[in-house]
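This report describes one protein chain for a reader who has not seen it before. The sequence and the structure come first, and the description follows.

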Amino acid sequence: YCVGLWGSLQKAFIDVRVFHPGAPSYKNTPIKTLYKQQEAYKKRAYGKRVLEVERGSFSPFVVSTSGGLAPESDRIVRTLAAKLATKSTITYQEAVSMVRVKLRFALLRTCLVALRGTRDRTSAKRLDAVDINLVNYM
């Protein structure tokens with residue numbers, strides 16, 4: 001969680017969800033509807049607990065594998081960029097660009113670790129032992 005995103009000294013809990021809009025189950029659903037469904041799922045799962053137990057706000061950060069952001073996720077990025085721009089010498093546009101680039105690299109790094117594993121030698125797997133055949137899933 002982070003403090004001060006939405007209000008001074010207010011705890012903000014953010015949970016990330018990545019979905020693939022090209023999945024067969026989403027074939028006939030518009031992308032805007034998919035974003036709303038994914039946000040609603042996260043809010044149902046965690047929103048009430050965060051409000052009542054943690055006394056904070058909850059924001060789902062929904063990202064598609066095609067690179068798009070849900071409306072609430074875009075609002076988080078813009079809010080972070082605005083705060084960053086006011087505390088540094090960069091412009092708002094540069095801050096938005098920087099936050100989006102850092103986010104994309106963080107998500108890419110997470111995917112690579114999930115596919116390949118960590119660089120820790122004790123838990124290293126041979127690459128030929130890992131099934132990375134994505135053709136069967138399309």
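## A buried lysine and its surroundings

Lys 42 counts as buried because its relative accessibility is 9%, where buried means under 20% relative accessible area, exposed over 50% and partly exposed in between, with a 1.4 Å probe and protein chains only. The model is a predicted one: local features need pLDDT of at least 70, side-chain atom pairs count only at pLDDT 80 or more, and totals for chains, interfaces and linings use all residues. Residues are numbered from 1 along each chain as its sequence is written, and side-chain values use heavy atoms, with hydrogens and water left out.

Lys 42 is part of helix α1. Helices (H or I, at least four residues) and strands (E, at least two) are DSSP runs, numbered from the N terminus. Leaving aside residues up to four places away in sequence, Lys 42 touches Asp 15, Val 16, Arg 17, Gly 47, Phe 58 and Pro 60; a contact means heavy atoms within 4.5 Å.

## Overall layout

The chain has three helices and three strands, which follow one another from the N terminus as β-β-α-β-α-α. Of its 138 residues, 25% count as buried. Among contacts with a separation of 6 or more, 48% are between residues 24 or more positions apart.

The strands make an open sheet of three in the order β1-β2-β3, with mixed pairing. Two strands pair if DSSP finds at least two bridges between them. Strands β1 (2-3) and β3 are the edges, each pairing on one side only. Between β1 and β2 the pairing is antiparallel and covers two bridges; Val 3 has Lys 11 in β2 as its bridge partner. Strands of a sheet pair through backbone hydrogen bonds, either parallel or antiparallel.

## Aromatic rings

How many aromatic pairs does the structure hold? There are three. Rings of Phe, Tyr and Trp (its six-membered ring) pair if their centres lie within 6.5 Å; planes under 30 degrees apart count as stacked, over 60 as edge-to-face and the rest as tilted. Two of these pairs involve Phe 19 and are listed here.

| Pair | Centre to centre | Angle between planes | Class |
|---|---|---|---|
| Phe 19 and Tyr 26 | 5.9 Å | 90° | edge-to-face |
| Phe 19 and Tyr 35 | 5.5 Å | 85° | edge-to-face |

Phe 19 counts as buried, at 4% relative accessibility, and so does Tyr 35, at 8%. Ring pairs join Phe 19, Tyr 26 and Tyr 35 into a cluster.

Another ring has a charge over its face: Arg 75 lies over Trp 6, at 4.7 Å from the ring centre. A charge sits over a ring if NZ of Lys or CZ of Arg is within 6 Å of the ring centre and within 35 degrees of the ring normal.

A nonpolar core is a set of buried Ala, Val, Leu, Ile, Met, Phe, Trp, Tyr and Cys residues joined through side-chain atoms within 4.5 Å. The largest one has 11 residues, including Leu 5, Ala 12, Phe 61, Ile 76 and Val 99. Elements β3 (57-64), α2 (71-87) and α3 (92-116) each give two or more residues to this core, and α2 supplies the largest share, four residues. Leu 5 touches, among others, Gln 10, Ala 12, Ile 14 and Ile 76, not counting residues up to four places away in sequence. A second, separate core of five residues includes Phe 19, Leu 34, Tyr 35 and Val 62.

The buried residues of α2 include Glu 72, Ser 73 and Asp 74 as well as Ile 76 and Val 77. These buried residues pack against β2, α1, β3 and α3. At 1.5 Å a residue, the 17 residues of α2 should span 24 Å, and the end C-alpha atoms are 25 Å apart, which agrees; the expected span is 1.5 Å times one less than the number of residues.

## Two loop residues with positive phi

Leu 9 is not a glycine, yet has a positive phi of about 60°. Leu 9 sits in the loop between β1 and β2 and is exposed, with a relative accessible area of 76%. Arg 55, also not a glycine, has a positive phi of about 55°. Arg 55 lies in the loop between α1 and β3 and counts as exposed at 65% relative accessibility.
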